[in-house]
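Me: I've got a model open and some quick things to check. Can we go through it together?
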Protein chains: 2
Amino acid sequence: MDAAEFRRRGKEMVDYVADYLEKIEERPVYPDVEPGYLRSLIPTEAPVEPESYEDIMKDVERVVMPGITHWHSPNFFAYFPAASSYPAMLADMLCTAIGCIGFSWAASPACTELETIMLDWLGKMLQLPECFIAGTDGHGGGVVQGTASEATLVSLLAARCKAVRRVQTLDPKKSEAEILSKLVAYTSEQAHSSVERAALIGAVMMKKVPTDNLYGVREEMLKKMVEEDKAAGLIPFYFCATLGTTPSCAFDHIADLGPLCNQENMWMHIDAAYAGSAFICPEFRPLLNGVEYADSFNFNPHKWMLVNFDCSAMWVKKRTDIIGAFKMEPLYLKHENQESGLVTDYRHWQIPLGRRFRSLKMWFVFRMYGLQGLQAHIRKQVGLAKEFESLVRADKRFEICAPVVMGLVCFRLKGSNELNQSLLKKITKSREIHLVPCQLSGSFVLRLAICSRSTESRHIQQAWQHITQLAFELLQEHRH
Amino acid sequence: MDAAEFRRRGKEMVDYVADYLEKIEERPVYPDVEPGYLRSLIPTEAPVEPESYEDIMKDVERVVMPGITHWHSPNFFAYFPAASSYPAMLADMLCTAIGCIGFSWAASPACTELETIMLDWLGKMLQLPECFIAGTDGHGGGVVQGTASEATLVSLLAARCKAVRRVQTLDPKKSEAEILSKLVAYTSEQAHSSVERAALIGAVMMKKVPTDNLYGVREEMLKKMVEEDKAAGLIPFYFCATLGTTPSCAFDHIADLGPLCNQENMWMHIDAAYAGSAFICPEFRPLLNGVEYADSFNFNPHKWMLVNFDCSAMWVKKRTDIIGAFKMEPLYLKHENQESGLVTDYRHWQIPLGRRFRSLKMWFVFRMYGLQGLQAHIRKQVGLAKEFESLVRADKRFEICAPVVMGLVCFRLKGSNELNQSLLKKITKSREIHLVPCQLSGSFVLRLAICSRSTESRHIQQAWQHITQLAFELLQEHRH
């Protein structure tokens, strides 16, 4: 395929993409396929000779589309949103074409520099404390990670390195292995599974902190555990706070937890993967109060800020903490400017070496929407969640299971877990809307998250009508 | 921006991309900017109101392009190639539009299933042993990782988990901390820095194995170290072999190393990040002999197989080894089909949770090029490297520093390291071509890698003319 054919096929693809998104509602949101469905639809080996582009595009509809869960359907309410917008898609085309691998400043200065500045722009939108802004000579700054899981892991590894060094400074006879075996990290029992996984990877102990009745961690619970562990000879070194948990969008009390962490020399990382986007609205910003005590903070513009996956924004207070944990300098990656002090080599900030020019997506989205446009997007989706909440509250057969603060509604039929499991099975099977469950205080709960940019009030009304219809049928069946 | 405007802007972007790649040679390959250049060119904060698309595209040329190192210029010979092709770009547009997050089978069955099958196709192209092919009921199989660094880390963590369990089975009194402190991993002193970094992350000791005079690890060197370490009470558990090292594209002798690793219960991972693509050509396949002893194997189609970044292909012999090291199952990620045994949930195979639909790029590229087209691409680039090698060998002022097996030529001026450093500085400053150095046996060596899909013989001839001209000037200066 030469440039001339790419011009033609590329324009066809633009139309295919626009058609797909304009008519996505016509497709069932959840696919009707059995495991293994795809293998019988295509050959068992790659072709030796080239095939035609027409044949491939035909197979997109024949082979791929029947097996897609349509995350951008207005009827998709599962997990948390995956962001999508036209400006981000255009930027992504440009990113792919430039195709630079931005592991160091020299590997493409614009890739590194635009990223640092976009993280500054975004940090200012969130009113992050000055210490997280790179500016021209800050000690802190931001980086784009692939996912919140990676941000959590990077923060835990930086904290681990810092803790080992601190203990060894006080007691040079202690071996690293001995220290590692005594380190203990903490996170909420409601935290995302990736937090526990980070500790598993980092080979450190992690303890789950119980939450209050709104599923947030309070300072006194963590304090009690830290004191017991210290008395037992362990070394508390890390706390991962969550703002907007995955099950119910609950918030840990970071304004109280932060001072405790600082006092105990524990790294505080804040994972606000979903909720973070909302902090650009003044009415939600108070939930971020206490971030000034954090060592690192992360949220995913690729969830709720219209920047297509992947784009996970992470800030650290002291960039040397992160760089120090990872720095490796083979000659083939050295370059002339790196010792100037003005240069950021992002490969020291992350797990992978290679990285795409992801800040282009942020630049396009921030400028095409403006802060006001982004705020309007958040407020619209929160409004839709509130609308759904009202519908649930008005129906006495149902209950709301957690405060509806942002775009997530946790609800269930009053009754057994089995009943609610049956309801979810019916919903999934009917393929009109798509939800996933969670567990709260031992209860099986349904989560409805406002996900698609194209979800409107009518979709909420239809979804509720559909759910109540299925619930009605279910309750009828149970009566017989 | 609505769908109608996206149709218009998308088509403009397709033309912008085609123009960029068609005329890339007119741009200096390496940018003429100082660290911090970008900050003064754009505002310090995001706009409150939306801006126009025209203004943003103007800024792409004004702000971004002057700071780009053009990886797809035919005059770019640095690092290793970053793959790029039009079919992959089209597939990437589709991937972005579908925008599913494929962490589990249910999150988009097609995303998981096409990936498994594409890794089978690719594994067959490489003639991998059957045990690495998923087929319909295999124990092994493939996965797309983001980067080779992540593949290495995943393999090391799986090996660590397996080793701890094995030792604890033999001696249940041993604590995990005690075992971890005795585990020792090995890799070549020529291995990529990410291998050492994986051990740092995994908190295990890693030792560098010396290489022979062609920079490959031989069985006797590893054997000696393993025996000494075992005698000292350590537990050898992992060896990362390299096929095609970053400095000089050297090859470890895996056909001999493999049996040793198997016998010693050491996980053998093979990192063939760059060279792996060439194994689809029968003339290069013998270099992969011994892969049958490996527990995991990885290479990057996003380097040399025309699939745009990111796409790092990894195969494991026993998928349970990898899944066992990571599995976490919160309710919101569970789905009905996962216990059927037919289903792959790729989130257990990788560090991040989220993942893009990257196998679409493989599918488009494999079908549009066919195996023959991909082989032709590899052979053409190897031919260009051989052409450059001949030019160097014909000039008595220069020497070739390592065998030219694939698309990389390591060469230098006969003389001091300082002289060669000066030559590279002149090359970098002139911005006509771009190279990076490496260190081989204490010598500062220049690396010329054939990178761009658009590099032709005339670029090789021009590059050599340019290098010899600068060398001539340099040698004149040194004489005075």
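Me: Which residue does the UniProt annotation "modified residue: N6-(pyridoxal phosphate)lysine" cover?
Reply: A:Lys303, according to the UniProt record, an unreviewed entry. UniProt positions are given here in the numbering used for this model, feature names are shortened, and annotations may be inferred rather than shown by experiment. On the model itself: it is predicted, local features need pLDDT of at least 70, side-chain atom pairs count only at pLDDT 80 or more, and totals for chains, interfaces and linings use all residues. Residues are numbered from 1 along each chain as its sequence is written, chains are lettered from A and ligands numbered from 1 in the order in which they are written, and side-chain values use heavy atoms, with hydrogens and water left out.

Me: Where does A:Lys303 lie?
Reply: In helix 10 of chain A, residues 301-304. Helices (H or I, at least four residues) and strands (E, at least two) are DSSP runs, numbered from the N terminus.

Me: Is A:Lys303 buried or exposed?
Reply: Buried, with a relative accessible area of 19%. Buried means under 20% relative accessible area, exposed over 50%, partly exposed in between (1.4 Å probe, protein chains only).

Me: What is A:Lys303 in contact with, leaving aside neighbours within four places in sequence?
Reply: A:Phe80, A:Pro81, A:Ala82, A:Ala83, A:Ala273 and A:Tyr274. Contact means heavy atoms within 4.5 Å.

Me: Switching to the dimer contact. How many residues does each chain give?
Reply: Chain A gives 147 residues and chain B gives 147 residues. Between them they bury about 12900 Å², 68% of it on carbon and sulfur atoms. Buried area is the accessible area (1.4 Å probe) that two parts lose on being put together, summed over both.

Me: Which three residues supply more than any other three on the chain A side?
Reply: A:Arg39, A:Tyr332 and A:Arg367. They supply 7% of the area that chain A buries against chain B.

Me: How many salt bridges across the interface?
Reply: The rule finds 16 between chain A and chain B. It asks for a side-chain nitrogen of Lys or Arg within 4 Å of a carboxyl oxygen of Asp or Glu. A:Lys11 forms one with B:Asp15, the closest N and O atoms being 2.8 Å apart.

Me: Which helix gives the most to the side of chain A that touches chain B?
Reply: Helix 1, residues 3-22, with 16 residues. The residues on that side of chain A divide into 89 nonpolar, 30 polar and 28 charged. Ala, Val, Leu, Ile, Met, Phe, Trp, Tyr, Cys and Pro count as nonpolar, Asp, Glu, Lys and Arg as charged, and the others, Gly among them, as polar.

Me: What about phi at B:Gln127 and B:Tyr215?
Reply: B:Gln127 has a positive phi of about 55°, and B:Tyr215 has one near 70°. Neither is a glycine. Most residues other than glycine have a negative phi. B:Gln127 is exposed, at 52% relative accessible area, whereas B:Tyr215 is buried at 10%.

Me: Last one. Where is B:His269?
Reply: In strand 5 of chain B, residues 267-271. B:His269 counts as buried at 0% relative accessibility.
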